[in-house]
Protein chains: 2
Amino acid sequence: MDAVSRIEKALNAAVALAEGPGCPPKLGAAMRHAVFPKGARIRPRLCLAVAGACGDDAPALSEAAGAAIELLHCASLVHDDLPCFDDAATRRGRPSVHRAYGEPLAVLAGDALIVLAFQLMARSASVAPLRLAPLITIIGDSVGVPRGIVAGQGWESEDRCDLAEYQQEKTGSLFAAATAAGAAAAGADPEAWRMLGDRLGEAYQVADDLRDAVESEDEMGKPAGQDAAHGRPSAVLQFGLHGAIARLETLADEAVASIPDCLGQSALRSVILSETRRLLPRKLAASAA
Amino acid sequence: MDAVSRIEKALNAAVALAEGPGCPPKLGAAMRHAVFPKGARIRPRLCLAVAGACGDDAPALSEAAGAAIELLHCASLVHDDLPCFDDAATRRGRPSVHRAYGEPLAVLAGDALIVLAFQLMARSASVAPLRLAPLITIIGDSVGVPRGIVAGQGWESEDRCDLAEYQQEKTGSLFAAATAAGAAAAGADPEAWRMLGDRLGEAYQVADDLRDAVESEDEMGKPAGQDAAHGRPSAVLQFGLHGAIARLETLADEAVASIPDCLGQSALRSVILSETRRLLPRKLAASAA
């Protein structure tokens with residue numbers, strides 16, 4: 001089975017677990033709305049790609065780790081879209097969860113997806129139980145406080161905020177966790193793989209800032225121009241348009257160069273190269289050519 | 001060290017972990033506000049009491065489990081108090097988290113406390129790593145969906161809601177997890193201990209409904225009369241005042257009778273008896289005498 005199918009299957013099984021007997025129907029539907037239909041699934045694909053490069057000797061665990069990372073990503077989107085943050089009406093071209101199901105169910109769906117990520121890993125750990133604690137630490141640290149997604153979002157409530165730190169926590173941390181968790185799920189050293197995820201995460205964030213600056217809501221499937229509208233830190237505001245494009249290219253090169261020695265090194269380099277080429281928004285790629 | 005000191009120490013260490021380098025200061029303060037100063041800590045005390053009755057051979061793990069349960073309880077209070085749910089101005093006699101720090105930081109503090117509960121257990125599992133997966137499953141299931149706290153809160157968004165199921169999920173589930181997790185952390189069979197937590201949880205919920213009906217905001221440290229005001233399911237609305245008091249007594253008896261054979265059985269019976277006697281609101285106990 002290819003990586004995307006493995007991820008969708010693991011995510012489906014996870015959400016089905018939540019939809020089991022006793023589930024309040026609207027809450028179950030709100031959770032499914034948050035996770036499906038699929039987004040780019042870039043973080044779990046990265047997790048499985050690294051696990052594969054490291055031998056992937058416990059595929060049930062690497063799939064659970066990848067799915068857990070995606071559930072946590074989806075949870076952060078649901079809560080970021082809430083009226084007290086971005087108040088976003090759309091996400092992935094559809095109504096955001098709070099617009100479709102109301103604010104109470106959006107808060108609860110996010111909470112439930114966070115918990116589900118950890119339930120899923122615990123349920124999949126019997127194949128390699130000693131890898132569970134490191135996996136949960138890697139993934140938990142990347143979403144929690146002081147250095148994960150929630151911490152990153154928390155910086156928006158502070159008077160002073162460092163762009164690099166903000167983006168590292170808000171986006172980079174879960175990318176670094178995706179590569180480290182892929183290695184840990186396959187029994188390899190997670191720390192050697194952090195740099196790859198870190199650079200890809202920053203590249204992805206710069207690309208997101210570029211899209212927010214140059215694309216329309218129709219092209220993005222979510223509101224555009226949000227960074228400028230909310231006065232939020234952004235690579236485009238900090239470096240300018242051309243500076244941000246140059247930064248994206250540097251980060252992609254550093255990502256490829258960071259891949260540790262492993263059985264699947266050359267195959268993984270190709271994957272990373274093709275992924276990073278797709279990051280530059282189409283209209284900027286066209287004007288650069 | 002007595003149980004209350006062990007719990008406060010474990011909770012302090014957990015929150016200190018979140019307050020580490022890189023933590024946005026207001027978010028760290030909001031998390032601390034949600035957890036301290038201490039509430040009754042009834043769930044973690046129950047967890048440690050059961051672990052003690054079962055031998056408590058991995059005290060670092062039982063303390064982490066108890067503290068994780070309390071962190072998850074605090075997280076649920078922070079989110080329940082939000083404007084889109086109870087819109088409560090006070091909690092434990094002080095401003096609720098969203099009144100003190102604003103709604104964005106209250107959402108984030110709740111999210112971060114959920115994640116912290118799992119980070120804490122993973123970090124404490126090295127003494128007995130094979131117990132981590134069952135512990136996370138027990139505790140995760142009790143807060144998640146379909147049968148945990150979040151599911152219980154989700155029933156408030158449905159048109160039809162069964163009182164027993166609602167209270168079981170909203171309160172009973174975390175009590176049942178407290179006893180089951182105490183046993184699991186000590187290497188005993190968790191399932192044998194669920195009934196004790198289940199009955200105590202329902203007793204606690206009935207007592208809470210009684211307090212909501214007969215006490216003032218000053219006596220409770222949080223807004224009173226909320227069940228009637230929000231048209232919420234309540235044992236007082238369902239059974240009447242005297243019926244609810246009788247139900248509380250039956251549940252306390254069933255709890256004591258359910259304690260499995262174990263080394264510390266008689267000591268634990270005494271603890272449970274004295275705990276359940278304290279549940280009846282003072283003014284009702286006085287009028288019943």
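**Entry 1: a loop residue in chain A**

I began at A:Asp87, which I found in the loop between H4 and strand E1 (90-91) of chain A. This is a predicted model, and I kept that in mind throughout. Phi of A:Asp87 is near 50°, and I noted that this is a positive value in a residue other than glycine. Next I asked: is A:Asp87 buried, exposed or partly exposed? I found 14 C-beta neighbours inside 10 Å, so A:Asp87 counts as partly exposed.

**Entry 2: another positive phi, this time in chain B**

I then turned to B:Arg41, which lies in the loop between H2 and H3 of chain B. B:Arg41 is not a glycine, yet its phi is positive, at about 55°. Here I counted 20 C-beta neighbours inside 10 Å. A residue is buried if 20 or more other C-beta atoms lie within 10 Å of its own, so B:Arg41 counts as buried.

**Entry 3: the cis peptide bonds**

Which residues does a cis peptide bond join in chain A? I found A:Val145 and A:Pro146, with omega about 20°. I placed A:Pro146 in the loop between helix H7 (132-143) and helix H8 (149-154) of chain A.

I looked in chain B as well, where a cis peptide bond joins B:Val145 and B:Pro146 and omega is about 20°. B:Pro146 lies in the loop between H7 and H8 of chain B.

I looked up helix H4 of chain A, which covers residues 59-80. At 1.5 Å a residue its 22 residues should span 32 Å, and I read 31 Å between its end C-alpha atoms, which agrees. Of those 22 residues, 19 are buried, so H4(A) is largely enclosed by the rest of the structure.

I then asked how many residues of H4(B) are buried. The count is 19 of the 22, so H4(B) is largely enclosed by the rest of the structure.

**Entry 4: a buried alanine in chain A**

My next stop was A:Ala51, in helix H3 (residues 42-53) of chain A. A:Ala51 has 29 other C-beta atoms within 10 Å, so I noted it as buried. Which residues does A:Ala51 contact, leaving aside neighbours within four places in sequence? I listed A:Asp56, A:Ser62, A:Gly182, A:Ala185 and A:Ala186. A:Ala186 is 135 residues from A:Ala51 along the chain, but I found their C-alpha atoms separated by 5.5 Å.

**Entry 5: H3 against H9 in chain B**

In chain B I followed helix H3 (residues 42-53) to helix H9 (residues 163-185). They pack at an angle of about 35°, and I noted that their axes are 7 Å apart. H3(B) passes H9(B) in a right-handed crossing. On the H3(B) side of the contact I found residues including B:Arg43, B:Leu46, B:Cys47 and B:Ala51. Among those they meet in H9(B) are B:Leu174, B:Phe175, B:Gly182 and B:Ala185. By class, I noted 12 nonpolar residues, two polar and one charged in the contact of H3(B) with H9(B).

**Entry 6: an exposed serine in chain B**

I looked up B:Ser270 in helix H14 (residues 265-277) of chain B. Is B:Ser270 buried or exposed? With 10 C-beta neighbours inside 10 Å, B:Ser270 counts as exposed. I also compared B:Ser270 with B:Val4, which is 266 residues away in sequence; C-alpha to C-alpha, they are 17 Å apart in space.

**Entry 7: how the two chains meet**

Last, I laid chain B on chain A.

How many residues does each chain bring to the contact? I read 53 from chain B and 54 from chain A. On chain B, helix H2 (25-35), helix H6 (103-123), helix H7 (132-143) and helix H8 (149-154) each supply at least two residues of the side that touches chain A. H6(B) gives the largest share of that side, 14 residues. I sorted the side of chain B that touches chain A by class and got 32 nonpolar, 12 polar and nine charged residues. Finally, 100% of the interface residues of chain B are also interface residues in chain A, so the copies meet through the same surface.

Notes. Residues numbered from 1 in each chain as written. Chains lettered and ligands numbered in written order. Predicted model: local features only at pLDDT ≥ 70, side-chain atom pairs only at ≥ 80, totals over all residues. Least-squares fit on C-alpha atoms with pLDDT ≥ 70 in both. Contact = placed C-beta atoms within 7 Å. Buried ≥ 20, exposed ≤ 12 C-beta atoms within 10 Å, placed from the backbone. Helix = DSSP H or I, 4+ residues; strand = E, 2+ residues; numbered from the N terminus. Nonpolar A, V, L, I, M, F, W, Y, C, P; charged D, E, K, R; others polar. Axes fitted to C-alpha atoms, helices over the stretch in contact; angles between N-to-C directions. Left-handed = near helix turned anticlockwise from the far one by under 90°. Expected span 1.5 Å × (residues − 1).
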